[in-house]
Amino acid sequence: MSATAPPAPQYPDNIDAAVLKVAGVVVLGAIMSILDITVVNVALPVFQTVFAETPDQPLAYSTVAWTVTAYTLALATVIPLTGWAADRFGTKRLYIMAIVLFTAGSALCATATSIEMLIGFRVLQGLGGGMLMPLGMTIMTRAAGPHRMGRLMAILGVPMLLGPIMGPILGGWLIEHYSWHWIFLINVPIGAIAAVYAFFALPKDHTEPSESLDVVGVLLMSPGLALFLYGISSIPEHGTMNNPEVYVTMGIGIVLMLAFVWHSFRPQHPLLDLRLFRNRNLTVSVITMFMFAAAFFGGLLLVPTYFQSVRGESTLDAGLLVAPQGIGAMVTMPIAGALVDRYPVGRIVPFGLLGIIAGMFALTQITSTTPYPQIIAVLFVMGLGMGGTMMPIMTTALKTLTSHEVARGSTLLNITQQIASSVGVAVMSVILTNNLKESKLAGPAMASQRDPSLVDKIGGQAVVAKGLADAADAFAQTFLVAAILVTLTMVPALFLPRKKEESHLLDDQAAPAPVVLH
């Protein structure tokens, strides 16, 4: 006997109150998740001082950068599990659980008394945050239907665009007027409201477990990534790769990841479906995304730290100075999204990359006295480039996949972006820390920017000025590495489609929703 498939639900053409109510839940969750990624960036110099044993010996930048790396690593770990868990437990229950987990992690972060505690609690926070966006997209697809997804994406794009702008400003304002604890505590009331709102606004859904969990894949990939990144981040502490803590952990991590690649072709439903790399467009897009994200997001983290550590700006002012980059992205992201529907992506992305390349090379000339209008202009240009790069890369990767492959393809893109961000942050912090170590004056001079009473102890203003010049040069050399990496990204970008291709996506209710990168 064959069962008759239930008729597809009918949706109105207009955006009605029912779908806006659901969209409100998803936007609230997205705001928490995306803001938290950017809001912590401006707090890194504060963490260097707050958790240091003595005021004149701040923690290494590579150490506090783990507060970002741990969060993104947790995101990358949990994203592949979200689809399986949604089938197993239902999207509504899982979404509320993700909000509660993220909120609890935020509250615990505010109680941290050491950098190790903070890093641990950031992992917990990331496990919740990583599920919010993919689950939100699934919920929105079911509520809106395929014909209204474009307009709903514009609503969901608001927190994505405002995150890079408001995150640093909000983080700076909270730290300056209250304390660093409030960049995490602010999530508690928002999370409580979002959980209650979700309970009443989201419709009940039926759980239909369809795929078994790839337990072996989870056990290979998660610790493999963690050990590999730990090894990279340990290099500055030892000053060399020739140390067991570095090469043993990196080696074990690489072996586990290679074992995962071998294993992923065996189960019917692997944690990451590497078979999709048979699709040329997806392969080129993933390579381009990895190189771009590692260079761009690794370099992006350095900017607020430069403003605070070298120029002596407050966290709030540093956030305001970084905002032009987000504004630039806000200008070009919707334009690029519209152009992708009309022109081949291979004729769009290279122009976006050129803006980022120009900006990165301009930052290689940065000094301790570079005029702010010049830096702001550079950041704005880089933002324009970012808005014209990420959305088109993601779109072209998914357009030529069939409808049942979209969810798995978007998972690969999410994992790529998160891993690349983690690797970029780790590598750039390693390079910056090593560059700063070459000058004995750079560290004390930057410490004097946070505590002016140290100026006389260091040797006076002239010595401080020399140390700050050395520190700025260390940042410039690190930006050079990022600039070279972005330039190399142009190679795979030139292989992106340069002719109009037909989409294989089916306009039906069965098509899974793509997961938005964040």
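## The nonpolar surface patch

Helix α15 gives the most to the nonpolar patch, with four residues. (Helices, H or I runs of at least four residues, and strands, E runs of at least two, are taken from DSSP and numbered from the N terminus.) The patch is made by I327, M330, V331, I335, F380 and V381, and covers about 440 Å². Two helices, α15 (315-340) and α17 (372-387), each supply at least two of its residues. A patch is built from residues with over 30% relative accessible area and no salt bridge; like charges are joined within 9 Å, and nonpolar side chains (Val, Leu, Ile, Met, Phe, Trp, Tyr) within 5 Å. Accessible areas come from the Shrake-Rupley method with a 1.4 Å probe, and for residues only the protein chains shown count as cover.

M330 is partly exposed because its relative accessible area is 33%. (Buried means under 20% relative accessible area, exposed over 50%, and partly exposed in between, with a 1.4 Å probe and protein chains only.)

## About the model

This is a predicted model: local features need pLDDT of at least 70, side-chain atom pairs count only at pLDDT 80 or more, and totals for chains, interfaces and linings use all residues. Residues are numbered from 1 along each chain as its sequence is written, and side-chain values use heavy atoms, with hydrogens and water left out.

## The whole chain

The chain has 22 helices and zero strands. Of its 518 residues, 55% count as buried. The chain exposes about 21,700 Å², and carbon and sulfur atoms supply 68% of that area.

How far apart in sequence are the residues that touch? Among contacts between residues at least 6 apart in sequence, 84% join residues at least 24 apart. (Contact means heavy atoms within 4.5 Å.)

## Helix α17 and its surroundings

Helix α17 has 16 residues. From first C-alpha to last it reaches 23 Å, close to the 22 Å expected at 1.5 Å a residue. (The expected span is 1.5 Å times one less than the number of residues.) Its buried residues are I375, V378, L379, M382, G383, G385, M386 and G387.

V381 belongs to the patch described above. L354 sits in helix α16 (residues 349-363). Its relative accessible area is 45%, so L354 is partly exposed.

## The nonpolar cores

In soluble globular proteins, nonpolar side chains tend to be buried together. Here the largest nonpolar core has 107 residues. Those with the most contacts inside this core are F47, I183, F184 and F307. The largest share of the core, 13 residues, comes from α22. A second, separate core has 25 residues, including M32, A85, L94 and A198. (A nonpolar core is a set of buried Ala, Val, Leu, Ile, Met, Phe, Trp, Tyr and Cys residues joined through side-chain atoms within 4.5 Å.)

What does F184 touch, not counting residues up to four places away in sequence? Its partners are D36, V40, F47, S106, C109, A110, L118, R122 and Q125.

A search of the whole structure finds one salt bridge. The side chains of K466 and D470 form it, at 2.9 Å from N to O. (A salt bridge is a side-chain nitrogen of Lys or Arg within 4 Å of a carboxyl oxygen of Asp or Glu.) Both residues lie in helix α22 (residues 461-493), four residues apart, about one turn of the helix. An α-helix has 3.6 residues a turn, so residues three or four places apart point the same way. K466 counts as partly exposed because its relative accessibility is 44%.

F475 also lies in α22. Is F475 buried or exposed? At 1% relative accessibility, F475 counts as buried. Leaving aside neighbours within four places in sequence, F475 is in contact with L302, T305, Y306, V310, L432 and M446. F475 and T364 are 111 residues apart along the chain, and their C-alpha atoms are separated by 7.8 Å.

S285 is found in helix α13 (residues 280-300). S285 is buried because its relative accessible area is 0%. Beyond its neighbours within four places in sequence, S285 is in contact with I393, T396, A397 and L496.

Q417 has its place in helix α19 (residues 406-437). With a relative accessible area of 2%, Q417 is buried. Q417 and M390 are 27 residues apart in sequence, and 9.8 Å apart in space from C-alpha to C-alpha.
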